[in-house]
Amino acid sequence: MAKRKKKKNIFGTVLHILCLLLCIGILTALAPMVITLLANINETYDIPVISQTSAENTEEDWALLLVNYDHPLPSDYSFEILTLSNNEEIDERIYPALQNMFDDARNDGINLFVRSGYRDKEEQEIIFQNKFNECMDEGMNEEEAYQETLRWVAEPGKSEHETGLAVDINSEVSAEDTYNWLISNSYKYGFIQRYAEEKSAVTKVYNEPWHYRYVGIKAAKEMVRDDLCLEEYLENKS
Ligand SMILES: [Zn+2]
């Protein structure tokens, strides 16, 4: 009896082990499928949404910086400077968009280049003083010369060129063709004509068809669509 019982026990144990191995086998086979399924759910619904939102927010923070007669550049403002092949400098974050725009313009037969990019406060001081002296030489008194200079040159500390986000653009073709191309296309790359004639009452800067400012593609498209300058756009947003 004892012998038969032992045999039965051994048979039961082997059966248990076989069942266990089968279960492990099934689980092992299913595990990668479950993991892949979970990963796909994550990929399809969660990850892109989160990363897209944070990228947009991050860009808005720096690309919509307002510097004008009323808003001097913050004294602790800093960024990474990138030097272009003609030695003009820009904020490195706008380089990919600027390069794309220049590449596409070249394909349309217009070789754009940056005539003036980043300037520090000291360089802006020299430009302001030179324009002021020019006005004085034309016979204006100090107040007249100062006001006339302000129409053309931003005060040191209040120039967009000090942000590294603004560029004066020229090309080797006519000014008219250059500015027409820029007006029609720049917003697609995130750039806007910053000082349009019809907005000079708001910007306090006279028409500058060569001065372009990076604000990001989303903002640039909205500003063009709604005919807003940067001051108006930021006012509307707040
Ligand atoms: Zn400019």
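Predicted model: local features only at pLDDT ≥ 70, side-chain atom pairs only at ≥ 80, totals over all residues.
Which helix is included in what covers the buried residues of H3? The answer is helix H4 (142-152).

| Helix | Residues | Number of residues | First to last C-alpha | Expected at 1.5 Å a residue |
|---|---|---|---|---|
| H2 | 95-107 | 13 residues | 18 Å | 18 Å |
| H3 | 121-137 | 17 residues | 24 Å | 24 Å |

**Helix H2**

The reach of H2 is close to the expected span. Leu 98, Met 101 and Ala 105 are its buried residues. Seen down the axis of H2, these buried residues fall within an arc of 65°, so they line one face of the helix. Exposed residues lie on the other side of H2: Pro 96, Gln 99, Asp 103, Arg 106 and Asn 107. After H2 comes Gly 109, with a positive phi near 85°.

**Helix H3**

H3 likewise has a reach close to the expected one. Gln 124, Phe 128 and Cys 135 are buried in H3. They cover an arc of only 35° around the axis, which puts them on the same side of H3. The face turned away from this buried side carries Glu 122, Ile 126, Asn 130, Asn 133 and Asp 137, which are exposed. Gly 139 follows H3, and its phi is positive, near 100°.

Notes
Residues numbered from 1 in each chain as written. Helix = DSSP H or I, 4+ residues; strand = E, 2+ residues; numbered from the N terminus. Expected span 1.5 Å × (residues − 1). Buried ≥ 20, exposed ≤ 12 C-beta atoms within 10 Å, placed from the backbone. Arc of directions from axis to C-beta. Contact = placed C-beta atoms within 7 Å.
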